[in-house]
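Here's a quick tour of one protein model, made for anyone new to reading structures. Let's look at its charged pairs, then at its pocket.

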Amino acid sequence: SSSWRKHWSPDEAQCDRIGRELNRIFAEYGMVISGKTPQRPDGDRAGEISDWLACHGGIASVSFVILDDAPFGWGVLQDHLVRTDARIGRGLEDRHIRKAVEILCRDS
């Protein structure tokens with residue numbers, strides 16, 4: 001649900017420079033981006049994630065973590081959130097990764 005989703009597409013040819021860079025970074029760690037949430041007109045990111053989860057078996061059926069720097073109202077998704085730092089040059093840090101792994105291990 002990241003704001004970066006506007007740069008990425010499942011079709012590499014549709015990615016812009018930032019989308020291709022995201023793919024490169026993920027590949028460097030043996031990962032791929034498998035999809036993105038559709039954007040809702042109301043901008044409710046928690047709702048976008050909830051909608052995506054509902055289409056993929058529901059919140060209880062998958063292990064997931066939300067990485068975001070925005071202070072949205074996350075509601076029932078709060079326990080899956082790792083709030084990153086929005087300041088330039090900070091972003092995803094080791095402490096965020098540790099928390100994400102903890103959430104994923106808890107949910108598996």
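To call something a salt bridge here, you need a side-chain nitrogen of Lys or Arg within 4 Å of a carboxyl oxygen of Asp or Glu. Keep in mind that this is a predicted model. Across the whole structure, a search turns up eight salt bridges. The general idea is simple: side chains with opposite charges can pair up when their charged atoms come close.

**Salt bridges around arginine 40**

- Arginine 40 pairs with aspartate 44 in a salt bridge, with 3.9 Å from N to O, and that counts because the cut-off is within 4 Å.
- Arginine 40 also forms a salt bridge with aspartate 42, where the closest N and O atoms sit 3.1 Å apart.
- How exposed are these residues? Arginine 40 is partly exposed, at 26% relative accessible area.
- Aspartate 44 is partly exposed too, with 29% relative accessibility.
- Aspartate 42 has 52% relative accessibility, so it counts as exposed, the cut-off being over 50%.

**The largest pocket**

- How much space lies in the largest pocket? The answer is about 2,000 Å³.
- The largest pocket is lined by 44 residues, and the ones closest to its centre are Ser2, Trp4, Phe26, Leu67 and Leu92.
- Four elements each give at least two residues to this lining: helix H1 (17-28), helix H2 (45-55), strand S1 (66-68) and helix H3 (94-107).
- Which element supplies the largest share of the lining? That's H1, with five residues.
- Sorted by type, the lining of the largest pocket has 25 nonpolar residues, ten polar ones and nine charged ones.

Terms used: Residues numbered from 1 in each chain as written. Predicted model: local features only at pLDDT ≥ 70, side-chain atom pairs only at ≥ 80, totals over all residues. Heavy atoms only, no water. Buried < 20%, exposed > 50% of the residue type's maximum accessible area, 1.4 Å probe, protein only. 1 Å grid on protein atoms, 1.4 Å probe; cavity = no way out; pocket = protein on both sides within 12 Å on 5 of 7 lines; lining within 4 Å. Points joined across faces, edges and corners; volume = space filled by probe spheres on them. Nonpolar A, V, L, I, M, F, W, Y, C, P; charged D, E, K, R; others polar.
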